[in-house]
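Student: I have a structure open and would like to work through it with you step by step. Could we begin with the overall division of the chain and then move on to the details?

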Amino acid sequence: MKGIATVILAAGKGKRMRSKKAKVLHHIAGRPILFYPLEVAMRLSGAIVVVVGHQADSVKELLERNAKIKIVFQDQLLGTGDAVKRTKDALADFDGDILILNGDLPLIRVMTIRDVIRAHRQKGSPVTLVTAIMENPAGYGRISRDRNNRLIKIIEETDASEQEKGIREINAGIYLFRKDILFWALGRIGSDNRQGEYYLTDIIGVISGKGEEINTVSVSDPEEVTGINTRADLARSESIMRRRIADLHMQNGVTIIDPANTSIDHEVKIGIDSIIYPYSRIEGRSSIGEDCIIGPHVRIRDTLIGKGVEIKDASVITGSRIEPGAVIGPFAHIRPGSLIKKGAKIGNFVEVKNSRIGTGSKANHLSYLGDAKIGNEVNIGAGTITCNYDGTKKYETTIGDGVFVGSDTQFIAPVKIGKGSFIGAGSTITEDVPPGSLALSRAQQVNKKGWVKKKRCVE
Ligand code: UD1
Ligand code: CA
């Protein structure tokens with residue numbers, strides 16, 4: 001929307017989180033809390049100012065890729081009022097309405113803020129404050145109104161009397177101000193309160209005291225303005241966000257058997273008619289094609305999965321690509337840098353790392369395939385191991401198309417197996433095998449007749 005600049009307050013430490021990490025860096029549905037209000041700001045305003053302070057460098061790292069964002073440093077955390085005051089220079093060239101968002105509001109929706117801006121403009125008032133009626137208002141600033149229902153001030157919880165604590169209308173931490181009145185009022189607040197802070201919320205009292213009307217918009221769904229102060233808030237918001245994401249996928253034609261016990265990160269894409277079984281987590285920048293069957297108990301991270309893939313129980317897949325029709329698991333571990341080609345099968349207790357498994361190839365049981373290039377239609381027998389590490393360096397194993405690898409084979413890399421070869425079960429392969437050959441390295445079997453009887457002196 002035109003003529004809106006957004007200020008996001010993200011300097012606080014988040015004391016109540018009891019964390020080494022700044023509050024806005026904690027994740028909800030796989031991305032930092034700060035990204036949520038930031039996304040709203042990106043959609044609705046031309047200029048964005050983010051106030052950073054505690055762990056400023058880490059917070060800045062999240063933001064630096066965007067030219068629309070200005071960063072303001074609050075060196076001493078003197079309160080939300082002080083934080084906004086410091087944006088004055090960054091907003092010097094801006095003329096219009098300023099939207100202020102607390103940085104710890106991950107559940108707020110763009111649509112809601114758009115409605116708030118519309119209401120603000122319709123009223124033509126200098127200030128619009130977003131409020132909500134909370135079942136349990138603990139932790140929030142309370143809205144104090146006079147007999148005519150006119151908003152007089154906001155009372156912070158720490159400064160509220162028992163009676164005031166009973167007020168259920170709360171300040172959501174979302175404000176719209178005409179720029180001139182905002183900075184005028186910020187010059188008139190003190191820090192004479194229980195926390196010794198400059199409260200942004202005190203400017204509401206200042207402005208209403210001047211006789212200006214404070215316009216309020218009450219959100220219909222108070223869940224949306226849940227602020228994150230504690231780990232319990234974090235967990236609650238995570239489950240609300242998770243539910244929203246699941247709803248969206250279900251609307252788009254994905255079956256999620258048990259949404260409450262399925263976790264899909266914000267940026268994940270899933271094709272229609274895929275089925276996600278319970279206790280599965282799909283994380284990071286993963287994408288799943290149509291007609292896939294995932295889970296139960298599967299974890300997929302930063303992985304691209306093609307159409308019609310089946311990922312069976314308790315498999316873990318990270319940073320890889322799985323092509324259409326492949327079947328993975330149960331109990332498979334696909335580690336970063338792997339490419340599982342069309343229709344390939346990776347079975348139980350098989351670990352694949354940084355390897356390519358060709359079209360239609362199979363490694364069905366108990367194997368380690370690391371730094372391997374495996375061709376098409378290869379059969380990897382149970383217990384095959386690529387010995388890729390000599391204690392210092394990693395080496396590659398290359399296996400040509402159509403090779404049959406017998407069970408319990410070790411490939412001592414670097415080693416190359418030519419097309420169509422056979423590797424006898426139980427072999428330790430240390431040298432390259434030419435195409436079409438049988439390689440066998442186990443010792444000849446010896447049978448000693450009557451040995452048991454003699455040795456044990458038994459009849
Ligand atoms: C604030 C409001 C409260 C409201 C609630 C809504 C104030 C004084 N109180 O309380 O009325 O109901 O949000 O969730 O504003 N921050 C800074 N610099 C600072 C202090 C805080 O940038 O010096 C940032 C924090 O990083 C956070 C935001 O401001 O993102 C809000 O601070 P927080 O301490 O969470 O305020 P609340 O106590 O929740
Ligand atoms: Ca808060």
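Student: How many residues of domain 1 are in contact with how many residues of domain 2?

Tutor: This is a predicted model, and in it the protein is divided into domain 1, residues 4-225, and domain 2, residues 231-439. The centres of the two domains, taken over C-alpha atoms, are separated by 46 Å. As for the contact itself, the count for domain 1 is 17 residues, and these meet domain 2 through 12 residues.

Student: Which residues coordinate the calcium ion (ligand 2), and at what distances?

Tutor: One of the coordinating residues lies in the loop between β6 and α4 and the other in the loop between β11 and α8, so the pair ties together parts that are 125 residues apart in sequence. The calcium ion is coordinated through OD of D104 and OD1 of N229, at 2.2 to 2.4 Å.

Student: Is D104 buried or exposed, and is N229 buried or exposed?

Tutor: The cut-off to apply is that a residue counts as buried under 20% relative accessible area. D104 has a relative accessible area of 11% and therefore falls in that class. N229, at 13% relative accessibility, also counts as buried.

Student: At what angle do helix α6 and helix α7 pack, and how is that arrangement described?

Tutor: Helix α6 covers residues 179-186 and helix α7 residues 202-209, and their axes are 9 Å apart, with an angle of about 110° between the two helices. Because angles from 65 to 115 degrees count as roughly perpendicular, that is the description of α6 relative to α7: roughly perpendicular.

Student: What kinds of residues make up the contact of α6 with α7?

Tutor: On the α6 side the residues are I181, L182, W184, A185 and L186, and they meet I203, V206 and I207 in α7. Sorted by type, the residues of this contact include no polar and no charged ones, and the nonpolar number 8.

Student: What is the separation of the C-alpha atoms of I270 and S287?

Tutor: I270 lies in strand β14 and, at 12% relative accessibility, counts as buried. Beyond its neighbours within four places in sequence, I270 is in contact with H249, V254, I264, I276, I282 and I288. Although I270 and S287 are 17 residues apart along the chain, their C-alpha atoms are separated by 5.9 Å.

Terms used. Residues are numbered from 1 along each chain as its sequence is written. Chains are lettered from A and ligands numbered from 1 in the order in which they are written. This is a predicted model: local features need pLDDT of at least 70, side-chain atom pairs count only at pLDDT 80 or more; totals for chains, interfaces and linings use all residues. Side-chain values use heavy atoms; hydrogens and water are left out. Axes are lines fitted to C-alpha atoms, for helices over the stretch in contact, and angles run from 0 to 180 degrees between N-to-C directions. Helices (H or I, at least four residues) and strands (E, at least two) are DSSP runs, numbered from the N terminus. Angles under 35 degrees count as roughly parallel, over 145 as roughly antiparallel, 65 to 115 as roughly perpendicular and the rest as oblique. Contact means heavy atoms within 4.5 Å. Ala, Val, Leu, Ile, Met, Phe, Trp, Tyr, Cys and Pro count as nonpolar, Asp, Glu, Lys and Arg as charged, and the others, Gly among them, as polar. Donors are N, O and S atoms within 2.8 Å of the metal (3.2 Å for Na, K and Ca); water is not among the atoms, so sites may look incomplete. Buried means under 20% relative accessible area, exposed over 50%, partly exposed in between (1.4 Å probe, protein chains only). Domain bounds come from an automatic or database domain assignment.
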